[in-house]
Amino acid sequence: MNIDFLIDNFADLSVTGLAQGAIYALVALGYTLVYGVLRLINFAHSEVFVTGTFATILTLRGIGIGPDDPVPSLLMVLLTLVLASIVAALSSGAVALLVERVAYRPLRRRNAPPLVFLISAVGASLVLMEIYALFLGRDNVRVGNLIKPRTQFTVFGADVTNRQILIVVSAVLMMVVLDSFISRTRLGRGVRAVSQNPDAAALMGVNKDRVIALTFLLGGLMAGVAAVLYDLNFGVTKFSAGFLIGLKAFTAAVLGGIGNLRGALLGGLLLGLAENWGQALLGSAWRDVIAFVFLIVVLMFRPTGILGESLGRARV
Amino acid sequence: MPRPERPAPTGPERPAGPGSGAPIRPTPDPGEPLLQIVDLTLRFGGVTALDRVSFDIRRGEILGLIGPNGAGKTTCFNAITGVCPPTAGTIRFRGTSLGRRKKHQITRLGIARTFQNIRLFPEMTALENVMVGADAHHRTSVPGAIFRLSPRHFAEERVCRAIAMEMLDRVGITERAHQIARNLPYGDQRRLEIARALATRPALLCLDEPAAGSNPAEKASLLELIRSLRDSGYTILLIDHDMKLVMGVTDRIVVLEFGRKIAEGLPAEIRENPAVVAAYLGVPDGSA
Amino acid sequence: MTGFVDRLRLADEQRAAFAAWPRRWWAGLPRPVRLGALVAFAAFLVALPILQPPVLTTTGTDFTGVLFTVGVYCLCALGLNIVVGLAGLLDLGYIGFFAVGAYSVAVFGSPQSKLATEYPWLVCIPIAIAISMVSGAILGGPTLRLRGDYLAIVTLGFGEIVRLTAVNSEVLGAAAGIPEVPRPPGERADGTRLFTIVDVTPFYWLVLALIFLVVLAGANLERSRVGRAWVAIREDEDVAQLMGVPTFRFKLWAFAMGAAVGGLSGALFASRQTFINPESFPVQTSLMFLAAVVIGGAGNKFGVVLGAVIVAYLPERLRSIDDGLLVVWYVSLVLGLATYLLLRRRGPRDGPRTYLRLGVVAGILAALPPLLLAMPEVFGSRGEIGQLRYLMFGLALIVMSVFRPQGLIPSRRRAIELEDRAKEVEPGATS
């Protein structure tokens, strides 16, 4: 126990936690969207995310920014970031769609039991992971310098860097865009209809296949943006990097109440905070343990997550 | 044959069994309340599904619970069988309050039910479905079953199978015993649900729209079955939309509307009751 | 219209008959023949390490070692089958129990462990089983009230917690692990130890015996009140409880039983390895166990064992594959697929699109061999082809799920379901 350390660095830890939590939250959206519509854990979503991290790096290399190059000019950085986000989001989205098409849709046609979906997803996950390992190697891949962390201002004694601001702001921005897309647009209405009652929605003329594909695409886009932020934050990625962050993101989704978009944001941020506070207290080695114990404890007291599922199931 | 009727008790409270201290009487006299529902209230969020409903079910009778859609009939079932714990009020079975007992404990006390939308164990055979019900009173657990050492295990298995076959025979679907429940014809699935409920050896059998979706011939034979069950000593609580069926088989009827009890009495009385007629206006007989 | 219905019915009947015939054929054989076949098969299994049959034997790695690993996977799949296949509880952290069993043996038995109790192996095994069971109950207690999908993520977290705890605690040897895990007692005729690092064969036989016992125990459970209660819970938990099944208690039992078998397999694994560290227990392995259960046919003991063989053995075999075998694999794959396509149920959706899709599949299949043959050129050396094994395995998982969602050997109930359908169709088809 190291309570003094926690108290002394509380604000700093919180800021770091929020930045990480924002990334978890963005990835969590993919799980929560798909779960809301299909009642299914999309196990391959972690690889959808990894796709984005590699797409980002490939974009940087394409522009000509190597891992050891100095930080380019501000304009260049902004352009690169925008381009990388677009490329990463699109490639993650495309892979998510591909996974849906190859690993899920045939099963839906056959009314397979839910367990089989999981196995198919595990298969897709393995395939994607191995393909990345094949083409990009099994070692860590370094991203390169885009933003030199510089303290912008101080809150309660915590130094807030430009990088952290960028991460949190873009994550929240994406979240707001998605939220209004789901609640305002016609397509979003279709998603909500299918998640509440798929059969009735189909009877009302909603194209279920299209809605499902759309949720995968949306989840993929979010994961792509999250991947760019991840690359910025950690500076390194790996073919198998998806597993842990996928697990945490799903934890975040469950924590907030799965199927609930705002729950994913809340769950992600809380998880990031809890992790950083906990690791200050117990040592960084216990960081991941803390995340899962936190989940178990929350679920014991709030079995449907903090905000609750927006789409509770009727009983008997 | 309907037995001679007594007038319905006027007060909801009877001095029979105040709380858990009273001894459980295994076989109350016929006509004595088996289940007492007192001021039962259930709220879901802002909706009051049941509002201070009180009635008794007497031993050996068929009590019909009727009312328009959404009147709270199934909710009442759910409260009795422990699916939805009551917001207020008490339910006493054989004089003891059900309190906040778990669903399986209530079943073991002797209340069994069927479901409006059939809910069998679809991948199990008919026989296995019934055996699950028959297991309700058995005690073999994992250690006994793994090593097959205890004589109790064998005795219970034998009894379980015997009861299950007997119940299948009772409802007349013995020849379906080894078929998968999902593949049974609709009418047999309904019967299988009754057999499964009977196998738990209940004193009170709650049937939730057992005739829904059946054709007239099936309905007639179902009526026959329900009557024969009553005659062999089961007490039956029956929900149905179909007035003809309810009028034809029940001894007494309780009418719910919007979560309140609006009438209680003999079928003939209910038929004449202006409040009931008003509640059912526009809902012709047998339209369900 | 009637023509269409009849066609559909006929197709269904054909499919049902086709799916049911191996089972019926087997049940139709005289009892002595069946018994003889079973004994012969058992003898074959026992003799495998000595026979080292040509096509089956793995060339790159020790065949007996692979056999042992396959055996351990079988045990795990059998244990997990209780949890997932029978009781329908999605457990993604099964490796956690496996690790608990392994660490129990290591901590209590190894002279190198901090505890240094140095209990003999025969004492360690019951301890390992007991501790795994208790850990199953501890995990199940608070979490089994959760709905299925939450259970999945919580158990997945549990698997990771166990591993990370091992990494971080000194008593469990931290990242370095614990060496000198005790081995089973027993001596050969010449006085040397029976169970050694060098010769895995006795371990393999031990695992075979344990698989036999677990299958037996599992069968007993399945045919009892407990098994019925589990399946009832899987089918409809609310109704099961309304029919008098104490659902929570039985779910906890399912968890504990699964954990016990997992712990036992972990203990064996540790004894065979004689050295364990957290690296031996990645969470992903849980998914492999689950894949074994689902591929084989959740709920069916034999299916599950077959699934475990596929999951554990195939990647090892693929590790040391050569061109000739590749061709064999490939031809059998194509033949299997062709058989499937020829015999499959013809649905109302069949039309030009279906054939287009089949064409695409055929095209991909045709394009694969040159690609695979070009692989060595791409990777420079032949050995690298082994790296493709998880890729192939992943593909196999998807293909399996899509084409045979009920598993290779579906549970008896599903088989009955198909037979039922066949029976019901017969009168309709003749009239």
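1. Basis. The model is predicted: local features need pLDDT of at least 70, side-chain atom pairs count only at pLDDT 80 or more, and totals for chains, interfaces and linings use all residues. Residues are numbered from 1 along each chain as its sequence is written, while chains are lettered from A and ligands numbered from 1 in the order in which they are written.

2. Chain A, overall. Chain A holds twelve helices and four strands. Both are DSSP runs numbered from the N terminus (helices: H or I, at least four residues; strands: E, at least two). Its radius of gyration is 19 Å, close to the 20 Å from the globule rule for 316 residues, so chain A is as compact as a globular protein of that length. That radius is taken over C-alpha atoms, and the rule is 2.2 Å times the number of residues to the power 0.38. The C-alpha trace of chain A spans about 55 × 45 × 35 Å along its principal axes.

3. Chain A, packing. Of the 316 residues of chain A, 52% count as buried. Buried means 20 or more other C-beta atoms within 10 Å of the residue's own, with C-beta atoms placed from the backbone. Take contacts in chain A between residues at least 6 apart in sequence: 78% join residues at least 24 apart. A contact requires C-beta atoms, placed from the backbone, within 7 Å.

4. Chain A against chain C. The contact takes 36 residues from chain A and 34 residues from chain C. On the chain A side, the elements giving two or more residues are α4 (74–109), α5 (114–136), α10 (242–256) and α12 (287–301). The largest share, eleven residues, comes from α5(A). By class, this side of chain A has 29 nonpolar, three polar and four charged residues. Ala, Val, Leu, Ile, Met, Phe, Trp, Tyr, Cys and Pro count as nonpolar; Asp, Glu, Lys and Arg as charged; the others, Gly among them, as polar.

5. Chain B, overall. Chain B has ten helices and ten strands. Of its 288 residues, 48% count as buried. Among contacts in chain B between residues at least 6 apart in sequence, 70% join residues at least 24 apart.

6. Strands β1 (residues 33–44) and β2 (residues 47–58) of chain B pair in the antiparallel sense over eight bridges. Pairing requires at least two DSSP bridges. Q36(B) has D56(B) in β2(B) as its bridge partner. Two residues lie between β1(B) and β2(B) in this hairpin, and G45(B) in the turn has a positive phi of about 60°.

Terms used
Contact = placed C-beta atoms within 7 Å. Buried ≥ 20, exposed ≤ 12 C-beta atoms within 10 Å, placed from the backbone.
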